[in-house]
Amino acid sequence: MSDDSDLLASALSSVGEAEGRTAALRLRDGIASLVLDVGGLSDEARDGIERRIRTALIALPGVREVRIAMTADKVGRTIIAVGSGKGGVGKSTVAANLAVALARAGRRVGLVDADIYGPSLPRIMGNSDRPELKGKRIVPVDAFGVKMLSIGQLVEPGTALAWRGPMIASALGQLMDGDWDDRELMVVDLPPGTGDIQMSLIQKWKPAGAVIVSTPQDLALIDASRAIDLFRKMNVPLLGLVENMSGYACPHCGEVSDPFGAGGAEAAAKVMSIPFLGRIPLTLSIRRDSDAGVPPAAGTGPEAEAFAGIARRLLEFQFSA
Ligand code: ADP
């Protein structure tokens, strides 16, 4: 153990309840990070420990920021937020396929489409059925081994656009508090940018982490860095960056060319000290299959493998503590 982690460990010893619950202590560039096992704790107890750890660590010399990743695997559900700086970068495509890939990796996955500006998951997942009600709770529909709820199943297209804060929060609540039954891992497809849905989700449902989707282009990356800043400021651990539409794979010969460049997001991830989760090429089949309601991650071939790789990296990061 390095001197730095010794320093963190001794500060943590003042937080009695944290004993035996922390792992992966690290102090780098003024950022103290650790993984906190919150298994078996009530929400209040969890919040209390988190607050006391923050207070203890931020008081240390050389610590300017404290990041705590919680392994909520034993209590409730682990929520993974999928965000992007702007629309059209393939955020929903990645969220849907990631959910399918995580389910194929053996997880019980729920998928929430909270993109009020363009709920597209019913189309991408090939299930536009209206969900049923069980008491006051909405029952998710099944698609490719995943259970799903979408804001698009609740309202007519376009209706949600005029919503303001409280209505947005209440719609998100209906989705998040649906009858998720045994789902352990929730993938939440956020609207692009940094608005009310993001704030509600972070404050009320406390995601375990966020995945940011970006194309290799600079413009999208500048937008992406705003989304990244929001999660950072709100202490949501950044699980990683996915580079989508990275290189174009020719449907005839398979040769990969780079109409928008490639590697931009990976380089940016490095600069911003965010894990890089992987790249998804721009392919005709991803577009066609998504429009046809058959997520490529459910099939075989290079696209399915690309999503499976990202799911593997995500699971490694999140549950390895
Ligand atoms: P966002 O959620 O960021 O607005 P979508 O996931 O709706 O973006 O994707 C926008 C469009 O781009 C859709 O038509 C989708 O099928 C297509 N698309 C997304 N990713 C890829 C990809 N890797 N290759 C080809 N088309 C893609």
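Me: In which element of the protein is confidence highest?
Reply: The model is predicted, and the protein averages a pLDDT of 88, with 94% of the residues scoring at least 70. Strand S13 (residues 256-257) has the lowest confidence, at a mean of 76. The highest confidence, at 98, belongs to helix H3 (residues 91-104).

Me: Do strands S1 and S2 pair in the parallel or the antiparallel sense?
Reply: Strand S1 covers residues 22-28 and strand S2 covers residues 31-37. Arg28 has Ile31 of S2 as its bridge partner. Over 5 bridges, the sense of the S1 and S2 pairing is antiparallel.

Me: Which residue in the hairpin of S1 and S2 takes a positive phi?
Reply: The hairpin has 2 residues between its strands. A positive phi near 50° is found there at Asp29.

Me: Which helix joins S2 and S3 in a right-handed β-α-β unit?
Reply: S2 pairs with strand S3 (residues 65-71) in the parallel sense over 7 bridges. Within this pairing, Ala32 has Val66 of S3 as its bridge partner. The helix that makes the right-handed unit with S2 and S3 spans residues 43-58 and is H2.

Me: Of the residues in the shell around the ligand, how many are charged?
Reply: The ligand is surrounded by 17 residues, the closest being Gly90, Lys91, Ser92, Thr93 and Arg287. H3, strand S12 (238-249), strand S14 (276-282) and helix H10 (284-291) each give two or more residues to this shell. By class, 5 residues of the shell are nonpolar and 10 are polar, while the number of charged residues is 2.

Definitions and conventions:
Residues are numbered from 1 along each chain as its sequence is written. This is a predicted model: local features need pLDDT of at least 70, side-chain atom pairs count only at pLDDT 80 or more; totals for chains, interfaces and linings use all residues. pLDDT is the predictor's confidence in each residue, from 0 to 100. Helices (H or I, at least four residues) and strands (E, at least two) are DSSP runs, numbered from the N terminus. Two strands pair if DSSP finds at least two bridges between them. A crossover is right-handed if, with the strands pointing away from the viewer, the path from the first strand over the helix to the second runs clockwise. A residue is near a molecule or strand if its C-beta atom, placed from the backbone, lies within 6 Å of it. Ala, Val, Leu, Ile, Met, Phe, Trp, Tyr, Cys and Pro count as nonpolar, Asp, Glu, Lys and Arg as charged, and the others, Gly among them, as polar.
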